[in-house]
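Thanks for asking me to look this one over. My notes follow as numbered points, to be read with the model open beside them.

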Amino acid sequence: MPDIDVVVIGAGQAGLSSAYHLRGSGLSSVVLDANPGPGGAWQHRWPTLRMATVHGIFDLPGMHFDPPAPDERAADAVPAYFAAFERRFDLDVRRPVRVLAVDEGPDGRLVVSTEHGVWRARGLINATGTWTRPFWPRYPGQETFRGRQLHTADYRGPADFAGKRVVVVGGGTSAVQILLEIADVAASTAWVTRRPPVFREGPFDQEYGRAVIAKVEARVKAGLPPRSVVSVTDLPWTPAMAAAAERGVLVRRPMFDRLSPDGVVWADGASYPADVVLWATGWRAALDHLAPLHLRGPGGGIVMDGTRVVADPRIHLVGYGPSASTVGANRAGRAAVRELRALLAPGVTAGSGVAGGREASGGPGVARGHASGGPGVAGGREASGGPGVAGGAEQELGVAAGLG
């Protein structure tokens, strides 16, 4: 049972940013990632998502992201960047390591139990994102529908929908990306959202990002479950959007009332016959492994001050609530490390300690993540799920589809 100062769970943008800042903090650290390879949630994105339709990738700290070719798959390009980052800064990433539970130890340390052993930590940075917790809303008649139902997390491209009548449910960027792809091959499509979509022609820059993040932050400070960043983010209006609107693809319908065996039905009796219902309805924070710590308050959420859990200052949630975006993840990782250093090693000057948790290098027999391939080698394509899988398609501010 290795002892370590800080365990980071998850190696997406939030986890890697945190690991970078831990290197020179004087705190020993290790990163536990449930994915088979580098890339966080990006390695699980659908194959037809290309860099041309990704709005922008914010750099990890200390390493610029050189834009790849527009036709390169996002599921290849971004994991390759993350892998190169892990190698350049010699980050101690162990994978695949699925964290099962975090609990109190008898000596005031946190006990991090995994499928490959146990770590004891003085502090914890949780960066597990949302990808492993797709949200499926419940509607009457769902179990009677004779067609196919799937979530964005299961989408692998438009070919499966050729000649089908498809209902796409959701008002976020992923919903629109998928709708535009499917519309080219489907017999017909219907776009259904709870709220009317809001389109934005201006830039999705850092000033806009800060305004969006502020809306989410207010909820977590009050101890309420966070709304996703996407839920308060507008949709980009691009030439591809305009072309789709002219073809009638972007005709938004209000949310239906129920499903029938043959399609969906609205409260006024109107119906739409469907072969497929695709739920592009987002994700929820993957925090089940923290349940033994009883961090949730009466409001159903975890009361936060920045990245710090108010009920337990040893624990920081990076990529949760206002930092659940590529804009917020880098800044949040730096802030979490600064606070943990002040709590755990107040007399240590940054840069004076052992970087990257090498004390734990003899921990439970799991390979170092950055040994998983050379430049350009992306992590595994199959979603492994579970805590430790960072990122998620809800985290799209800064990576929203440009859609042409």
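1. A word on terms before the first helix. Buried means under 20% relative accessible area, exposed means over 50%, and partly exposed lies in between (1.4 Å probe, protein chains only). Helices (H or I, at least four residues) and strands (E, at least two) are DSSP runs, numbered from the N terminus. This is a predicted model, in which local features need pLDDT of at least 70 and side-chain atom pairs count only at pLDDT 80 or more, while totals for chains, interfaces and linings use all residues. Residues are numbered from 1 along each chain as its sequence is written, and side-chain values use heavy atoms, with hydrogens and water left out.

2. Please start with α1. Of its 11 residues, 9 are buried, which leaves the helix mostly covered. The buried ones are Gln 13, Ala 14, Gly 15, Leu 16, Ser 17, Ser 18, Ala 19, His 21 and Leu 22. Tyr 20, by contrast, is partly exposed because its relative accessible area is 22%.

3. Next come the aromatic rings. Rings of Phe, Tyr and Trp (its six-membered ring) pair if their centres lie within 6.5 Å; planes under 30 degrees apart count as stacked, over 60 as edge-to-face and the rest as tilted. The count by this rule is 12 aromatic pairs. One of them joins Tyr 20 and Phe 89 edge-to-face, at 5.0 Å centre to centre with 85° between the planes. This pair links distant parts of the chain, 69 residues apart: Tyr 20 sits in helix α1 (residues 13-23) and Phe 89 in the loop between α2 (74-88) and β3. Phe 89 counts as buried because its relative accessible area is 14%.

4. Where do Phe 256 and Trp 266 lie? Phe 256 is in the loop between β12 (252-254) and β13, and Trp 266 in the loop between β14 and β15 (271-273), so their pairing ties together parts 10 residues apart in sequence. Their ring centres are 6.5 Å apart and the planes meet at 85°, so this pair is edge-to-face. Phe 256 is buried at 2% relative accessibility, and Trp 266 is buried at 11%. Ring pairs also bring Tyr 139 and Trp 279 into a cluster with Phe 256 and Trp 266.

5. On to salt bridges, where a side-chain nitrogen of Lys or Arg lies within 4 Å of a carboxyl oxygen of Asp or Glu. The total by this rule is 16. Among them, Arg 98 bridges to Glu 115, with the closest N and O atoms 3.3 Å apart. Arg 98 is in the loop between β3 (93-94) and β4 (99-104), while Glu 115 is in the loop between β5 (110-114) and β6 (117-126), 17 residues apart. Both residues are partly exposed, Arg 98 at 22% and Glu 115 at 48%.

6. Asp 262 and Arg 146 also meet in a salt bridge (2.4 Å, N to O). Asp 262 belongs to the loop between β13 (258-260) and β14 (263-265) and Arg 146 to the loop between β6 and β7 (148-151), so the contact ties together parts 116 residues apart in sequence. Arg 146 counts as exposed at 63% relative accessibility, whereas Asp 262 is partly exposed at 46%.

7. Two further salt-bridge sites deserve a look. Arg 308 and Glu 339 meet at 2.8 Å, N to O; Arg 308 is in strand β18 (residues 308-309) and Glu 339 in helix α6 (residues 326-344), 31 residues apart. Separately, Asp 3, Asp 107 and Arg 120 are linked in a network of salt bridges.

8. Finally, please check the backbone. Most residues other than glycine have a negative phi, and most peptide bonds are trans. Arg 95 and Pro 96 are joined by a cis peptide bond, with omega about -10°, and Pro 96 is in the loop between β3 and β4. Asp 90, in the loop between α2 and β3, has a positive phi of about 50°. His 294 has a phi near 55°; this residue is in the loop between β16 and β17 and is exposed, with a relative accessible area of 68%.
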